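Biologist: Please take a close look at a single helix of this model and describe its surroundings. Then put it in the context of the chains and domains.

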Amino acid sequence: MKNEGRKRIWAEYQKEIADDHFFYVRSCIRQSFFPGSEQFFLNFMRNVLGKDIYENPSHTTCTGIGYHGDIVPLATIMTVVARHFALMTEAGYKNIAISCVTSFGIYTEIIETWKHFPGELEKTREYLYKATGREFNIPENMAHTSDIIYKFRNEIAEKAKNPLVNRQTGEPLRVIEHIGCHYSKMFPKYGVGGAEFPHVLSGMAEAWGGEVIDYPERRHCCGFGFRQYLVQANRGYSISNTVKKFDSMKPFKPDLVLTNCPGCNMFMDKWQYTIREMEGTTYGENGESIPVLTYEELAGLVMGYNPWDLGLQYHMVQSEPLLRKMGIEFDGQDKFKTKDGRQMPLPKNLINVV
Amino acid sequence: MITGNVVVVGGGVAGMEVAGQLARSGCMVSLIEKESSAGGHIKEWHHLFPDRRNSMEVTDYLARQINHDNITLLTGTTIARMGYGKKVFTVDTENGKSISADAVVVATGFDLFRSERKEEYGYGIYDNVITSADLEVMFRNGEIKLTDGRRPEKIGIVHCVGSRDEKVGNIYCSKLCCITAVKQAMELKEHLSDARVYCFYMDMRMGGALYEETYRESQEKYGINFIRGKVSEVGETIDHKLIIKVEDTLVGRPLRMELDMIVLMAGMEMSKGGEQMAQIFGLKTGENRFFAAADHHYGSNESNVEALFFAGSCTAPMNITETISHARAAAAEVICYLRKAER
């Protein structure tokens with residue numbers, strides 16, 4: 001792959017990412033399954049970079065999963081999103097930082113719909129006002145939180161204690177980057193680097209010392225695909241997509257998978273467990289599975305955060321092989337202890353733990 | 001014989017032909033070409049469809065056409081400004097020349113679609129993804145090889161790159177790419193008899209003289225495989241083979257195939273030079289961004305500006321036969337206009 005060609009494409013997809021004063025909206029999946037990710041983001045932005053980030057406890061789900069599952073109508077989801085914008089407007093913010101790629105896709109789709117069909121915007125204003133008495137402004141700047149980490153990737157690199165380098169061999173770690181479909185595949189202009197050769201995650205991996213791998217099924221769906229999973233009878237489609245993707249990346253011997261979408265992270269993580277249970281197949285080296293990390297988790301590791309504070313133990317595929325390669329010291333006994341030292345129940349069948 | 005000064009903008013096939021025709025009729029012609037020599041795209045092409053004659057034969061003909069005392073060829077020249085008053089154009093060039101003309105012919109041709117804009121095909125990113133124009137250069141050099149020097153064994157030809165594609169803003173058909181693909185597929189087989197060649201097409205548009213016959217020959221005599229489906233993406237395997245995804249719409253199944261080389265049939269677009277002329281001369285353009293002729297049926301050389309005419313593929317994709325015919329028609333229009341003006 002020629003870098004000059006990728007750079008030319010990236011130059012065409014540079015979006016403006018606000019520098020400060022964000023209205024932050026959480027992700028349903030991320031705050032449940034990878035709680036350390038959002039925690040790292042808020043801590044990094046507020047305490048390391050000194051930025052102003054506000055979140056409102058009245059913020060709700062965007063209903064994106066219901067929308068893509070065909071149970072929430074468009075008018076409803078537009079009104080829910082309008083309410084989020086109203087919360088932002090009432091708090092005096094103009095920049096929105098969105099933690100979830102599904103939500104990010106929903107927001108971009110709705111804003112584009114309003115641009116092309118102004119009548120829909122007026123109807124939404126009316127619905128929201130009748131239901132809640134609220135009014136709203138459309139955000140002046142809309143960024144996914146991976147855009148924001150991308151923007152500050154060099155600041156993270158400057159603070160790196162554990163660059164993405166195999167401590168034993170000195171070689172860069174081999175990174176699979178996987179963006180969520182709804183990040184830029186619907187509207188490439190909203191994604192850093194566009195849809196075909198996105199730069200948002202590869203830019204981070206390279207800035208932190210890793211080597212990004214291009215493999216044949218790089219653009220393929222993680223396997224979630226909403227209805228492919230949500231309708232139980234379709235789950236064979238879901239997992240067979242994941243098998244196709246991992247079969248394709250395996251020969252490249254990746255050290256980790258880096259994602260920016262909650263669904264992708266969840267499915268590329270958990271389906272590895274399922275595939276291993278179903279047919280005994282693993283995709284990492286030495287019979288191990290490949291750790292799947294969010295960009296905040298990876299940034300945290302690079303900056304020297306404790307892996308268990310980042311919540312890596314909540315993944316199905318445990319990250320020990322990666323931690324060893326990066327030369328990160330950790331105590332496996334602390335994995336499932338609370339902050340005040342109480343032992344939590346231990347999960348069975350942890351993958352990648354000897 | 002007729003008298004009059006004419007500026008012809010563009011020294012490709014159309015510009016050279018119209019200049020030659022006008023000069024032979026008695027006009028004094030200034031032929032303006034932005035490149036260092038006249039000839040246009042055809043200079044880069046090796047063989048021409050449908051009969052695969054050497055393109056040099058046509059360029060030699062065109063060179064003879066403009067070898068006339070009445071023609072001043074100004075290469076490396078672009079137009080900066082234009083004024084029109086009292087039935088006379090004043091054309092100022094970027095390098096400080098000022099030319100008076102009774103009529104102007106715009107023959108700015110086309111630009112090849114920049115294939116890197118179809119990001120999913122990986123042109124400029126993956127080795128061995130090339131364009132139809134790149135392949136002609138290889139034909140001319142007499143050697144078809146991969147970047148590592150090996151001979152390709154499996155080659156895919158992708159039709160409609162930048163044509164009939166709403167995503168890139170070109171909904172029109174470039175018209176020449178299908179027959180170019182057929183010609184190049186046959187030539188590939190002539191160079192590499194063991195190679196397997198696959199054409200991925202949406203529709204085979206074989207509307208020109210001898211096109212359908214050539215298409216049939218390519219299948220019966222050369223064994224070219226035609227697969228009806230649009231390539232959705234190109235990637236690379238661990239051993240640096242190209243891998244494509246495509247739907248075979250006749251079989252109704254998705255298809256994945258490893259290839260050594262991919263040739264992209266780049267479509268035609270309004271040229272950058274043409275866009276500049278549209279601004280300078282205030283010329284109307286159509287939805288396809290090519291110049292809009294005054295009438296599709298009986299005024300395809302006439303513009304919205306008095307005494308300014310179009311010749312060739314600056315108005316729509318055309319093959320060389322059509323371009324030369326259109327250029328001759330433009331010359332006839334200019335002569336007709338100058339005669340009327342004389343009266």
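Modeller: The buried residues of α11(A) pack against α8 (145-151), α9 (153-158), β5 (174-178), β6 (211-212), β7 (256-259) and α15 (295-303) of chain A. This is a predicted model, in which local features need pLDDT of at least 70 and side-chain atom pairs count only at pLDDT 80 or more, while totals for chains, interfaces and linings use all residues. Residues are numbered from 1 along each chain as its sequence is written, and chains are lettered from A and ligands numbered from 1 in the order in which they are written.

Helix α11 of chain A spans residues 200-207, and seven of its eight residues are buried (20 or more other C-beta atoms within 10 Å of the residue's own, C-beta atoms being placed from the backbone). Those buried are A:Val200, A:Leu201, A:Ser202, A:Gly203, A:Met204, A:Ala205 and A:Ala207. Helices are DSSP runs of H or I with at least four residues, strands are runs of E with at least two, and both are numbered from the N terminus. Just after α11(A), A:Gly209 has a positive phi of about 105°.

Between the chains, 15 residues of chain A are in contact with twelve residues of chain B (contact: C-beta atoms, placed from the backbone, within 7 Å). Chain B itself has domain 1 (5-109 + 271-342) and domain 2 (115-267), with bounds from an automatic or database domain assignment. The centres of these two domains of chain B, taken over C-alpha atoms, are 32 Å apart. Their contact takes eleven residues from domain 1 and 17 residues from domain 2 of chain B.

Terms used: Contact = placed C-beta atoms within 7 Å. Buried ≥ 20, exposed ≤ 12 C-beta atoms within 10 Å, placed from the backbone.
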